[in-house]
Amino acid sequence: RCKDVSIKVKNDFTHDGTAVQINVVDFDYWDDTEGKWREENWVGNEVIDPDDLRTINTRNLEYVGNESGVIARVQYKYMTAKNGWSEKLNAKSSSFYCKKDGPNSVTVTVLPN
């Protein structure tokens, strides 16, 4: 188990050239040893303003203690001028080494697609 993973999200997203709010709605992580995404039981809806860096949660990742190649992925929506929240999109962190006994930290930067 990878303990005490502080999951941070940086909102650098723009839509049509304008910085906008994002809403983080879900989180999962890549288990490189097993070669698959692992879903976390987490209900999101964490609204993050433009240029803000926020810790959205601290979790234990059950299957990746003392492993490299772990990637955090958040699903998010962005605020549109006409239609409210967009469809879901994904943003990923760089791969990192997840220490078994923590603490661990990972940042996902949400950039324009």
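Me: Which side chain joins that of Arg-73 in a polar contact of 2.8 Å?
Reply: This is a predicted model in which local features need pLDDT of at least 70 and side-chain atom pairs pLDDT 80 or more, while totals for chains, interfaces and linings use all residues. Residues are numbered from 1 along each chain as its sequence is written, and side-chain values use heavy atoms, without hydrogens and water. A polar contact is a pair of N or O atoms within 3.5 Å, one able to donate a hydrogen and the other to accept it. At 2.8 Å, the partner of the Arg-73 side chain is that of Asp-28.

Me: Is Arg-73 buried or exposed?
Reply: Arg-73 lies in strand β8, residues 67–80 (a DSSP run of E, at least two residues). Its relative accessibility is 16%. Buried means under 20%, exposed over 50%, partly exposed in between (1.4 Å probe, protein chains only). Arg-73 therefore counts as buried.

Me: Over the face of which residue does Arg-73 lie?
Reply: Beyond four places in sequence, Arg-73 is in contact (heavy atoms within 4.5 Å) with residues including Phe-27, Asn-90 and Trp-37. At 3.9 Å from the ring centre, Arg-73 lies over the face of Trp-37.

Me: How are the rings of Trp-30 and Trp-37 arranged?
Reply: Trp-37 is partly exposed, at 27% relative accessibility. Rings pair with centres within 6.5 Å; planes under 30 degrees apart are stacked, over 60 edge-to-face, the rest tilted. The centres of Trp-30 and Trp-37 are 5.3 Å apart and their planes stand at 65°, so the pair is edge-to-face.

Me: How many residues apart in sequence are the parts that Phe-13 and Tyr-76 tie together?
Reply: The structure holds 3 aromatic pairs. In the pair of Phe-13 and Tyr-76, ring centres are 5.7 Å apart and planes at 70°, so this pair is edge-to-face. Phe-13 is buried at 4% relative accessibility, and Tyr-76 is buried at 0%. Phe-13 lies in the loop between β1 and β2 and Tyr-76 in strand β8, so the separation in sequence is 63 residues.

Me: With which side chain does the side chain of Asn-45 make a polar contact?
Reply: Asn-45 lies in the loop between β5 (36–39) and β6 (46–48) and is exposed, at 52% relative accessibility. Leaving aside neighbours within four places in sequence, Asn-45 is in contact with Asn-23, Val-24 and Val-25. The polar contact, at 3.5 Å, is with the side chain of Asn-23.

Conventions: Helix = DSSP H or I, 4+ residues; strand = E, 2+ residues; numbered from the N terminus. Phe/Tyr/Trp six-rings, centres within 6.5 Å; stacked < 30°, edge-to-face > 60°. Lys NZ or Arg CZ within 6 Å of the ring centre and 35° of its normal.
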